[in-house]
Amino acid sequence: MSCFAALFRRDGAPMAEALPDRAEAALRARGPCHWRRGRTWAMAASGPIAGAGDATMLVAADARLDNRRDLIAALRLHPGSSDADVILAAYRRWDGDCVRRLAGDFAFVIRDERRGSIFCARDHFGIRPFYYALADRLFAAAGITRFLTALPAVGDAIDEQGLADLLAGGYADGAITLHHGIRRLPPGHSLTLTEAGARIARYWHPQEVPVEERADAAEGFRALFAEAVARRRARGDGVGVMLSGGLDSSSVAVQAAQGVRPMPSLSMMLDDTPGWNERPFIETVLGQGGFDPRFIDAADHDPVAELPELIDEQEGPFVAYNASLSRRLYRRARAAGLTRLLDGHGGDEVVSHGLGRLNELAARGDWRRLWRESAGIAGLYGVGRWSILSPYLSHNRFVRFARGRRARIQARLGWGGPAEAAGYALVEPGLAARVDLADRHADRSIKGSARHCERDVHVELLTAPQQGYAFEVLDRMGAAAGVAALYPFYDLRLVEYCLSLPSHHKLNDGLPRYVLRQAMAGLLPDPVRLRPDKYDFAPALADALLRRRAALADLAGRDRAGIGRFVDMDVARNAIGRLLDQGRAVDGASLFAAWRVLMLAVWLDHRERVSGSWTDIAEREAAA
């Protein structure tokens, strides 16, 4: 697995000859590391540090470039140049503007002694993690937080804002982390550090991509998609593909099998999950031929059982309740000799379901087509068509007047809905106030604007803080198993192509992600190509929690592990109570609130090495 790290003394003091053992161990866990050191600096990467022999300009990079051939030709480099060599040569030619010419997955740090500066960048979508700590005397950066927290100048104190964000359901911005003093460089951004200070700049924004009509949209998509898969499949042996039976993974799988036969595939089998058996869809894809299938039985899936190990791998609590399944898949892949996995992650975000088109239709009063298109979105979310359609009826002035009048009456009478069990309500009130949680998590979605269009929704989705964060979670899971995930949907050319499409290419004839479905016609079997739904992992999570009834009740009742410092215990008790009373039928807000509370307890047990911890009690109960 790849890695990078860099340390610079900003006060001119000499760098310590040896790093703390825990910092070195954190990098070694990712694989071999090559170090280069100077009096006031040290840099490390999986491959040799690229740069001139006099060390006036060096780069530590974790990178996989899609356009390396074009750059090698433009920069007149040797064909065998490493991606780090290419990045450094691009910087020499174009300075900080080099990032605008790079395409692929990358995170890097360049030491430029000529200018007395440090230049850093993270790829457009955040596929490669980039964390840093900046203080008066030190600047440190790495692809893993564990390297930084092992440095005495940084430490491992909890960042209250980061923890409150996670309890509320996810980070409210792209820079905050769980660790005090450690920030993440957001996707599509660069950081320049000089004696005058640090400057963070955005070098790419999806809003900059112009919209244009395309008569052959499906053909154009298919050509770019095929290239994206081929580029990621081509580098070396040991490549396989994840196949879940969903539209995204199946599209990647059938495209990958066009060039490599048989293509190793890995599939989770959840035959015992009532109403959600993916086997028919998986077997339909495999029936096309060209695959060497491997099946992973997930009948004993228990998201709670692996929590201690998962939290250790993730370096703290995380937002991904189905992570244990991905972890199992990565480990099975490595056991089968696969070191790279093509992954369909990102199809929703890159292609877009076309939700904004509904508002476009309502705004122009095209109610008949709105009724038709809402069917596909209703199928995706497993709800009735009217629940999808209803919010858009307010574009009719009579409906808008009636709803406004009803809201005013309800406000005068003091009527209101039940309190939410999740979101910032779960966070201890004092903590929430200290970090201004209510304001930072206020709903400012573009969908709240009556004038929003599909393009607005698509851009908002691609720039959400959760995008880069999801890649960080996946990166740590893959690294723990020694497997690198590759994401064909997050190919820059493909992303910009999808952004350029008008809304009717994203939602049409009641089909969300229309251009992908059209592009896959004749390649992907129709039962999969046209399916409107997705697998729901929530029932498995509910079952795992319910196997620990007494432990959950004890957790809420006695504030085990000191979670009351961070959690509103009344909200937690109500959420856990609803879960224990209603079982699988519990609302999602209560289910995920209970999950976050127990994850916090496990993490605090581990940090504070609690004897007779909640974790021990819960596992004894589950085993019984």
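Let us start with an open sheet of six strands, paired antiparallel in the order E2-E3-E1-E9-E8-E10. Here strands (E, at least two residues) and helices (H or I, at least four) are DSSP runs numbered from the N terminus, and two strands pair if DSSP finds at least two bridges between them. The edges of this sheet are strand E2 (34-37) and strand E10 (183-184); each has a single partner strand, so one side of each is left without a neighbour in the sheet. Strand E1 (residues 4-9) pairs with strand E9 (residues 138-142) in the antiparallel sense over five bridges, and Ala5 stands opposite Ala142 in E9.

Before going on, please note that this is a predicted model, in which local features need pLDDT of at least 70, side-chain atom pairs count only at pLDDT 80 or more, and totals for chains, interfaces and linings use all residues. Residues are numbered from 1 along each chain as its sequence is written, and side-chain values use heavy atoms, with hydrogens and water left out.

Another open sheet of six strands has antiparallel pairing and the order E4-E5-E6-E7-E11-E12. Strand E4 (50-51) and strand E12 (197-202) stand at its edges with a single partner strand each, so one side of each is left without a neighbour in the sheet. Strand E11 (residues 189-194) runs antiparallel to E12, joined by six bridges, with His189 opposite Arg202 in E12.

Now step back to the whole chain. It is divided into domain 1 (4-204), domain 2 (216-350 + 465-530) and domain 3 (537-623), with bounds that come from an automatic or database domain assignment. The contact between domain 2 and domain 3 (heavy atoms within 4.5 Å) takes 17 residues from domain 2 and 18 residues from domain 3.

How much area is buried between domain 2 and domain 3? About 1600 Å², of which carbon and sulfur atoms give 76%; buried area is the accessible area (1.4 Å probe) that two parts lose on being put together, summed over both. Val304, Leu307 and Tyr321 supply 36% of the area that domain 2 buries against domain 3, more than any other three residues.

Two salt bridges also link domain 2 and domain 3, each a side-chain nitrogen of Lys or Arg within 4 Å of a carboxyl oxygen of Asp or Glu. In a salt bridge between Arg547 and Asp302, the closest N and O atoms are 3.4 Å apart. On the side of domain 2 that touches domain 3, helix H9 (residues 307-314) gives the largest share, four residues.
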